[in-house]
Amino acid sequence: MCSDASFKERNQRREPMKSLDLSRIAGKTFFDPHVHMSARTTDDYQAMADAGIRGIIEPAFWLGQPRTGLSTFEDYFSSLVGWERFRASQFGIQHFCTIGLNSREANNAPLAQQVMELLPEFIYKEGVVGIGEIGFDDQTPMEEVYYRAQLDLALEAELPVQVHTPHRDKKRGTSRSMDIALEHGLDPGMVIIDHNNEETVREVLDKGFWAAFTIYPFTKMGNQRMVEVLRQYGPERIMVNSAADWGISDPLAVPKTAALMLEQGIDADWVEAVTCTNAIRAFGQSGQIPDNFLDTPAAVNQDQKYAGNSVLRGGQQPRIDPNSIIIE
Amino acid sequence: MSTQATFTYNLQAQRQQLQDLLAEHLSPAAYDWLKQAAKDAAEKMRAGGGSAPFRVLFSRIARKISGEPLHATLPGSTPSGVFLPADRQQLARLWVLLQVPPENREGYLQAVGDLFRRADMRELVALYTALPLLAYPEDWIWQCTEGIRSNIDGVLKAVMLHNPYPAEYLPQGAWNQLILKAFFTDQDLTLVSGEPTRRNPELALALKDYRDERLAAGRPLHKDLEEMIKNNETK
């Protein structure tokens, strides 16, 4: 999200640019369970595909400024199950999403109520792997009302829940989020608590929830710190994501973190768990991630109209050379 | 206005054909669920309850019915001219569309329009495939042009290929845009239903400009382009 570091400060800290060396993770497969691709360009998709990312989950969130009408939610949700999904597939990346009313926009009560009525029409669509990202932002009463309502919806729909934890007053907000989920009878194994840090992780794991960590420069988790967290807690129920969005963020956070972990002697099985398979297991409880997902090229189960003529051949997007001044 | 007048083909026969296919290829549980849910949704809509139950039903198909390709021989012809997809989910969606009560024209247009507006990729493919099935055929012309504007290849194929609706209903300008877009997106023009019936000299002009543009840019020409130009020039 928005960084406190000033522009001038950031520029003064700048080191000479190196080129990215991901040879350590060559051939490995990754899954990023929290990335806002609607805000990213095809350059990112291409880089992600090259780095080995094969699946992503895009949570429904706000767009950086508040929506003011139901139609914009409708169109956004549609894009998450439509256009953005297709866009990802062109790079051989299988795109899933979570659908929900986010904590920021839960504060617009009349609109929020309308969105709640819209949700049941989207949550069963293909590729929707959970209700999310929901939870607290400022921890207002309205946020609580809609968080609770969506927990009930998740129970009814038998879908995992992706919980956004607040950036301000995080420790208390995370505790409350978990206690309310348990109060509503959710199985903590169906709930992914996101944006964790050193202060929140113990309680999340102790209470039986999944703990997701967002590797995001300046404002959230760093991956060197992540290595330490992993050493301390082991890989069980831990996953990393980039939450790359319209801010200064890195859609390669997951593979880069894997590379760093391996470099620092973390067991390869642990690395695979936290950068790929745990996320697939957690969100796979929706029944929407195919069992053979890691084995097949991105084959979004799209138009079967022409048997044998697969519309999406994955990765067939022509490649541009960003280092050339020639564009043709 | 009788129900039959709003459809240009034998509705009952088309419903029966799809229902027989579903009875044959769906699991008994899925088939029973589908029929009951559609019956409930239609009743609610007729009682003035709106079409939300249809939208929810439509989206549940992704969960209740297998999306695996259907390896079976499907009938070669259909009463409405609709192309039958070898896919249980898609067949189910086509059948559900035929259960939407058509007597109230405004309600029907709103209900089906809402399905288009909130559709995911595969639902969109089903909906555009279904154009020849829908009641009030002329009311879907605009929607057809929206499909042609899509950037999603599967959707484009559903509108343009093996689909009798565009050739029958699109005005000339929109038809020409369909053909141009088919070339732009590298479709197989031989699969455009009814193409020979819509040839016109304006299209030939546009296609010739397109050919010249490609040649000037040093880019390859589509395999069907020259023939299409020739066929549209000579009327």
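Q: Which residue of chain B does Glu126(A) form a salt bridge with?
A: Glu126(A) pairs with Arg122(B), and the closest N and O atoms are 3.4 Å apart; a salt bridge here is a side-chain nitrogen of Lys or Arg within 4 Å of a carboxyl oxygen of Asp or Glu. This is a predicted model, in which local features need pLDDT of at least 70 and side-chain atom pairs count only at pLDDT 80 or more, while totals for chains, interfaces and linings use all residues. Residues are numbered from 1 along each chain as its sequence is written, chains are lettered from A and ligands numbered from 1 in the order in which they are written, and side-chain values use heavy atoms, with hydrogens and water left out.

Q: What about Arg55(B), which residue of chain A does its side chain meet?
A: The side chain of Arg55(B) meets that of Glu121(A) in a salt bridge, 2.5 Å from N to O. Glu121(A) lies in helix H5 (residues 109–122) of chain A and Arg55(B) in helix H3 of chain B, so the pair joins two chains; helices are DSSP runs (H or I, at least four residues), strands likewise (E, at least two), numbered from the N terminus.

Q: Buried or exposed, those two?
A: Glu121(A) is buried at 6% relative accessible area, and Arg55(B) counts as buried at 12%, where buried means under 20%, exposed over 50% and partly exposed in between (1.4 Å probe, protein chains only).

Q: Which residue of chain B does Arg55(B) meet in a salt bridge?
A: Arg55(B) also meets Asp114(B), at 3.2 Å from N to O. That pair links distant parts of the chain, with Arg55(B) in helix H3 and Asp114(B) in helix H5 of chain B, 59 residues apart. Through shared partners, salt bridges join Glu74(A), Glu121(A), Arg55(B), Asp114(B), Arg117(B) and Arg118(B) into one network.

Q: Switching topic: what is the secondary structure of chain B?
A: Chain B comes to twelve helices and zero strands, whereas chain A has eleven helices and eight strands.

Q: How many residues of H4(B) are buried?
A: Nine of the ten residues in helix H4 (residues 88–97) of chain B are buried, among them Leu91(B), Arg93(B) and Trp95(B). The buried residues of H4(B) pack against helix H1 (11–25), helix H2 (28–46), H3, helix H5 (105–117) and H6 of chain B.

Q: And where does the side chain of Asp87(B) reach?
A: At the start of H4(B), a side-chain oxygen of Asp87(B) comes to within 2.9 Å of the backbone nitrogen of Gln89(B).

Q: Last one: how much of each chain is buried overall?
A: Buried residues make up 55% of the 235 residues in chain B, and 56% of the 328 residues of chain A count as buried.

Terms used
Contact means heavy atoms within 4.5 Å. A polar contact is a pair of N or O atoms within 3.5 Å; within protein, one must be able to donate a hydrogen and the other to accept it, and residues adjacent in sequence count only if both atoms are side-chain atoms.
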